[in-house]
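Biologist: I would like a close look at one part of this model. Please keep it brisk.

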Amino acid sequence: MTPNINLTTNPIDAAELSFEDFKTIVIQDYKIAFESRQASLLGRKEVLSGKAKFGIFGDGKEVPQIAMAKAFRNGDWRSGYYRDQTFAFATGIATIKEFFAQLYANPNVEADPASAGRQMNCHFATRSLNEDGSWKDLTAIKNSSSDIAPTGGQMARLVGLAYASKLYRQNAELSYLKNFSVNGDEVAFGTIGNASTSEGVFFEAINAAGVLQIPMAMSVWDDAYGISVPAKYQTTKEDISEILKGFQRDENTPGYEIFKVRGWDYPGLCETYQRAIDICRTEHVPVLIHVTEVTQPQGHSTSGSHERYKDKTRLDWEKEYDCILQMRKWMLESAIISEDDITALENKAKEFVRNAQKEAWNEFLGDIKVEKDEVINLIKEIAQGDATLLKIASVLSSTPDAQRKEVVSSARRALRFTINTSSPSRTLLLEWYQKHKDLNADRYNSKLFTDGKESPSNVKVVAPEYTETGKMVDGRELLNACFDANFGRDQRLVAFGEDLGAIGDVNQGFAGLQAKYGDLRITDTGIREMTIVGQGIGLALRGLRPIAEIQYLDYLLFALNVLSDDLASLSYRTKAGQKAPVIIRTRGHRLEGVWHSGSPIQMILGSLRGLHLCVPRNMTQAAGMYNTLFRADEPALVIECLNGYRLKEKLPENVGEYTVPLGKAEIIRSGKDITIVSYGSTLRVVEEAAEELARFGIDVEIVDPQTLLPFDTDQLCVATLAKTNKLLVVDEDVPGGATAYILQQILEVQKGYYLLDSQPQTLSAKAHRPPYGTDGDYFSKPSVDDVVETVYQMMHEHNASKFPAIF
């Protein structure tokens with residue numbers, strides 16, 4: 001059989017290949033490895049010359065990554081880190097020209113498909129989505145989830161990517177999803193450096209994969225250092241596979257298959273990866289491949305030299321056991337290639353890489369040069385001999401390889417210096433600036449959300465339907481009915497979390513549903529918040545619709561790194577090339593005690609832009625938000641009110657169908673004297689206070705924003721402020737937390753400042769977490785008394801004669 005020899009690597013099957021075919025494959029592998037090394041060397045020079053800002057490269061890992069790439073098939077997924085450039089080249093996930101385009105931060109998505117210039121170099125991703133946000137056929141391509149820089153951060157989602165294969169293989173109801181899996185045969189490949197195996201998320205993910213028994217293939221590149229810190233400070237016994245031996249499966253207990261291979265041994269690497277991935281793919285057993293004796297010829301990054309912390313003996317060893325040098329030596333000794341031929345190959349590879357770099361640089365500057373010339377000419381036309389303007393044009397003209405910053409800054413300065421000038425030329429420059437302001441917003445600021453055809457904003461609004469004979473039920477029962485209806489409607493839905501399955505969650509929202517839909521769809525997990533969230537991300541990347549439950553909002557902190565670094569930035573950092581419509585379900589606000597009363601909304605608002613933040617006041621509204629999210633394709637965090645599960649609500653007849661639109665505020669009490677904006681559990685406090693305030697002749701209007709991200713897109717808050725001219729924001733976050741955000745939205749974004757006739761006020765919790773007990777809650781969080789007295793004082797300041805001081 002003649003192999004399909006192309007620009008990527010090919011598997012080696014000794015049973016079917018002639019020696020000539022074998023030689024061709026090996027030579028092609030060496031060519032890819034050598035080109036990758038040249039890309040690293042040239043990339044470093046480009047950074048040091050000032051053309052790029054920072055560089056981090058995969059030199060020293062070339063040969064093991066070639067071997068890994070041989071086992072990587074269409075439909076498989078990678079969740080790796082920034083050392084994997086050779087794997088990307090060998091699989092076709094990226095080209096060398098794209099590698100340089102990313103190094104230069106080219107914002108053209110065609111030049112850098114992985115991130116459109118938004119990520120540092122060597123952060124790889126494939127584009128899973130079409131222009132309209134719909135899915136491509138992911139079984140027909142080799143897939144890479146979008147890299148993030150935090151070392152170890154790739155581990156959490158890796159669990160979900162592998163778990164998806166298990167669900168596709170074992171759940172026959174998913175067989176219709178032909179574009180996402182072929183019988184669950186896909187392997188999720190993970191990579192990590194040896195030092196990063198010290199991180200908690202690594203151990204959490206390794207344990208989760210062993211428990212779940214999923215096709216996860218974990219490669220550890222072990223170069224004995226973490227930047228300057230040697231393995232003796234990183235890992236017990238200085239050997240990660242040694243300390244993970246307890247995970248090795250045997251005939252009685254499931255676990256891992258663990259392999260160990262040297263990073264410069266090309267034949268051994270190819271054989272090891274073939275064996276390991278065959279087991280992983282066919283048996284759905286996680287495997288760990290510990291690749292030792294790896295080198296890092298250029299050190300960690302362009303920010304420093306490894307000669308500072310490696311002694312001469314180590315440096316000499318690294319030169320001798322450089323994987324490319326060792327592969328070259330083996331090829332010559334095995335008569336695979338002659339010295340003259342391999343030298344010619346190397347010279348041609350150097351030329352190829354240099355040409356790719358030049359093309360990438362010229363393409364990056366191409367559009368900018370056009371813009372630069374336009375701005376220079378426009379400024380000269382305005383100048384009419386003005387020395388200041390001519391100098392601006394001259395400085396820009398004499399700036400070699402000017403980037404967009406210099407071009408746009410010059411245009412803005414010219415516009416500032418001609419404020420009092422009215423001329424057709426200035427109008428043309430202003431029009432140019434406004435046009436490019438929009439273009440640059442698309443280049444650098446767009447796609448925080450996918451904004452595709454399945455955006456939540458496109459979900460039809462359906463009102464809840466009630467009958468006179470409708471039942472009053474506990475809030476938990478209403479939620480349960482909502483989940484039941486949707487799980488029956490959409491086979492893609494899965495839910496998992498601590499205590500979610502057998503007992504139906506601690507508040508019974510999923511009671512009885514595991515028995516009805518099976519433990520593949522509704523599943524208990526261990527206590528592992530990072531990988532619960534990562535499990536959701538990976539499943540969502542592969543076309544499923546996960547609900548990842550974090551038992552209490554306070555525990556979200558344990559997963560905040562994964563939520564913020566990975567999920568929240570996913571659409572943005574790929575410019576809508578990937579999406580992960582996972583719903584994080586949790587519960588918070590009023591309960592009691594330091595760790596069960598959480599309202600850390602400021603933390604969420606600051607770190608999770610890129611998620612919808614839903615803060616429903618009751619379970620009717622929560623169910624409507626879930627119904628919207630289940631029909632949309634963007635990630636969200638839904639915080640249910642802890643003290644609402646046993647409060648009675650009327651059950652809608654269409655409990656699985658009605659929808660609550662995201663970003664739409666609602667007036668839940670009309671009034672004319674003051675506007676109070678609040679959300680979640682605190683709304684009930686505000687409503688009770690409003691009843692007492694009415695006895696004083698104070699008519700309160702209450703607004704529930706319902707979601708904080710997005711916030712009141714119809715600007716209902718400012719509309720009510722136009723009537724009352726007074727504003728109080730109430731919540732149970734820390735002082736200056738979410739209340740400050742809400743004030744900024746109303747006063748600045750909605751321009752409510754101009755409608756006030758008194759100082760706006762906020763009423764929040766104390767700066768500390770609330771102590772345990774009823775009294776602790778009363779003295780720490782806003783009470784009815786607090787709301788009544790704050791509003792009354794505001795009215796007193798407005799009209800002291802009508803509202804005399806209480807105290």
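Biologist: At what angle do helix 15 and helix 21 pack, and how far apart are their axes?

Modeller: Bear in mind that this is a predicted model. Helix 15 spans residues 475-489, and helix 21 covers residues 619-630. They pack at an angle of about 15 degrees, and their axes lie 9 Å apart. Angles under 35 degrees count as roughly parallel, so helix 15 and helix 21 are roughly parallel to each other. The crossing of helix 15 with helix 21 is right-handed.

Now the contact itself. Helix 15 brings Gly475, Arg476, Leu478, Leu479, Cys482, Phe483, Asn486 and Arg489. Helix 21 meets them with Met619, Thr620, Ala622, Ala623, Tyr626, Asn627 and Phe630. By class, this contact of helix 15 with helix 21 has nine nonpolar, four polar and two charged residues.

Glu477 also sits in helix 15. Its relative accessible area is 36%, so Glu477 counts as partly exposed. The C-alpha atoms of Glu477 and Val749 are separated by 39 Å, with the two residues 272 apart along the chain.

Next, strand 10, residues 493-497. Five of its five residues are buried. Leu493, Ala495 and Gly497 point one way from strand 10, while Val494 and Phe496 point the other way. Strand 10 has parallel pairings with two strands, taken in turn here. With strand 12, residues 545-549, there are five bridges, and Ala495 stands opposite Ile547. With strand 11, residues 522-524, there are three bridges, and Gly497 stands opposite Asp524.

How values were computed:
Residues numbered from 1 in each chain as written. Predicted model: local features only at pLDDT ≥ 70, side-chain atom pairs only at ≥ 80, totals over all residues. Heavy atoms only, no water. Helix = DSSP H or I, 4+ residues; strand = E, 2+ residues; numbered from the N terminus. Buried < 20%, exposed > 50% of the residue type's maximum accessible area, 1.4 Å probe, protein only. Pairing = 2+ DSSP bridges. Axes fitted to C-alpha atoms, helices over the stretch in contact; angles between N-to-C directions. Parallel < 35°, antiparallel > 145°, perpendicular 65-115°, else oblique. Left-handed = near helix turned anticlockwise from the far one by under 90°. Contact = heavy atoms within 4.5 Å. Nonpolar A, V, L, I, M, F, W, Y, C, P; charged D, E, K, R; others polar.
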